[in-house]
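Student: I would like to learn how to read a protein model, going from one residue to the elements around it. Could we go through it together?

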Amino acid sequence: MANDRTKARLCARIQERAAYCLQFELNDPRSTFLTITRVEISDDLSIATLHWSVLGDAAERTKATHMLEHANGFIQRQVGSVLAMRRTPRLRWMYDDSLQQA
């Protein structure tokens, strides 16, 4: 079990590195206007849930979902390279619809 300060630090670092990877390192046209809104990590630090949103309609959301599933391994390796952990957390992607509800 990690304390809250450690979890917050890891979440911020995961969000920063994953966003950088999506913006600059992926050459996929489906990753345009994709934003990582927040990151949650489990108590045992094994699973990181990245909440994301995309600007556009349902078709853009579907394209972004397929792109994230395809690039998950690459992004997880990039995140793991900057974390000082024995095991890299497994990344799960969850669509954040809070902007549409607002």
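Student: Leaving aside its neighbours within four places in sequence, which residues is Arg17 in contact with?

Tutor: Bear in mind that this is a predicted model. Once the neighbours within four places in sequence are set aside, Arg17 is in contact with Glu25, Gln78, Val79 and Val82. Arg17 itself lies in helix α1, which covers residues 4-25.

Student: Is Arg17 buried or exposed?

Tutor: The cut-off to keep in mind is that a residue counts as buried under 20% relative accessible area. Arg17, with a relative accessible area of 11%, is therefore buried.

Student: Which residues of α1 are buried along with Arg17, and where on the helix do they fall?

Tutor: The general idea is that an α-helix has 3.6 residues a turn, so residues three or four places apart point the same way. In α1, the buried residues are Lys7, Leu10, Cys11, Ile14, Arg17, Ala18, Cys21 and Leu22. Seen down the axis of α1, these buried residues fall within an arc of 145°, so they line one face of the helix. The face turned away from that buried side carries the exposed residues Arg5, Arg9, Gln23 and Phe24.

Student: What covers the buried residues of α1?

Tutor: The cover includes β1, β2, α2 and β3. As for how the helix is placed, α1 lies across β1, β2 and β3, and runs at about 155° to β1.

Student: In what order do the strands of the sheet stand, and which of them are at the edges?

Tutor: In general, strands of a sheet pair through backbone hydrogen bonds, either parallel or antiparallel. Here three strands form an open sheet in the order β1-β2-β3, with mixed pairing. The edges are taken by β1 (34-41) and β3 (90-95), each of which has a single partner strand, so one side of each is left without a neighbour in the sheet. Neighbouring strands of this sheet are turned by 30° against each other on average, direction ignored.

Student: How many bridges join β2 and β3?

Tutor: Strand β2, residues 47-54, pairs with β3 in the parallel sense over six bridges, and Ile47 stands opposite Arg90 in β3.

Student: What does helix α2 touch in the sheet, and where does α2 bend?

Tutor: Helix α2, residues 58-82, packs on the sheet and touches β1, β2 and β3, its direction making about 160° with that of β3. The bend in α2 is about 55°, at Ala71. Among the buried residues of α2 are Ala71, Gln78 and Val79, and the buried residues of this helix pack against α1, β1, β2 and β3.

Note on methods: Residues are numbered from 1 along each chain as its sequence is written. This is a predicted model: local features need pLDDT of at least 70, side-chain atom pairs count only at pLDDT 80 or more; totals for chains, interfaces and linings use all residues. Side-chain values use heavy atoms; hydrogens and water are left out. Helices (H or I, at least four residues) and strands (E, at least two) are DSSP runs, numbered from the N terminus. Buried means under 20% relative accessible area, exposed over 50%, partly exposed in between (1.4 Å probe, protein chains only). Contact means heavy atoms within 4.5 Å. Two strands pair if DSSP finds at least two bridges between them. Axes are lines fitted to C-alpha atoms, for helices over the stretch in contact, and angles run from 0 to 180 degrees between N-to-C directions. The bend at a residue is the angle between axes fitted to the seven residues ending there and the seven starting there. The arc is that of the directions from the helix axis to the C-beta atoms.
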